[in-house]
Amino acid sequence: MKKISLLTLLITVIFTCPVSGQNHSKAVANGITIPDGYQQWQLISSSYREDNKSLRVILGNDKAMEAALAGQTNPWPDGAILGKLVWNEDRHPKWPAAIIPGDLSHIEFMIKDQARYPETGGWGFARWIGMELEPYGKDRSFEQECFGCHTPVKDNDYVFTKLSPLPR
């Protein structure tokens, strides 16, 4: 059986993700909309959450990638945007030992802008649920929910993501 690298699998999933090419004009309660072209952003890392059995890929816009490659992520620079695409885990029908992305759970973005988001550590938070990309949160209180979750990593500029090591 041919082995596929995790990076190859994740990149394949990103560029075949059904949300590609849709109109992402629904803003969340704080006014943030899905960034145009996020499907072409580079991979920063991936993660798996055992508690809710979800696969995640973390992407970065050009500003985030420049900072990541330069090791300047604590703090991240203004203008950096981190995107997280989250799928529920599934099993490959021809290779049951392989955990693969199933249904899209949600997508999230963190936008670094110290002046615009001082109450939330300099980050703007946004989330959309499911393939319908329904904005998360009925009002702006969702921002404090997101920020509260990120408070344990305050010393890492409120970012959980560990940059994935890659050979140069």
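Colleague: What makes Asp157 and Lys112 a salt bridge?

Modeller: The N to O distance between their side chains is 2.6 Å. A salt bridge needs a side-chain nitrogen of Lys or Arg within 4 Å of a carboxyl oxygen of Asp or Glu, so the pair qualifies. Asp157 lies in the segment after α3 (142-150) and Lys112 in strand β4, so parts 45 residues apart in sequence are tied together. Helices (H or I, at least four residues) and strands (E, at least two) are DSSP runs, numbered from the N terminus.

Colleague: What is this model, and which atoms count?

Modeller: The model is predicted: local features need pLDDT of at least 70, side-chain atom pairs count only at pLDDT 80 or more, and totals for chains, interfaces and linings use all residues. Residues are numbered from 1 along each chain as its sequence is written, and side-chain values use heavy atoms, leaving out hydrogens and water.

Colleague: Why is Lys112 called buried?

Modeller: Its relative accessibility is 1%. Buried means under 20% relative accessible area, exposed over 50%, partly exposed in between (1.4 Å probe, protein chains only). Asp157, at 6%, counts as buried too.

Colleague: How do you know that Arg127 is partly exposed?

Modeller: Its relative accessible area is 21%. Its salt-bridge partner is Glu108, at 2.5 Å, N to O. Glu108 is buried, at 16%.

Colleague: What makes Lys26 and Glu134 a link between distant parts of the chain?

Modeller: The salt bridge has its closest N and O atoms 3.2 Å apart. Lys26 sits in the loop between α1 (6-16) and β1 (42-49), Glu134 in strand β6 (residues 134-135), 108 residues apart. Lys26 is partly exposed at 37%, and Glu134 is partly exposed at 42%.
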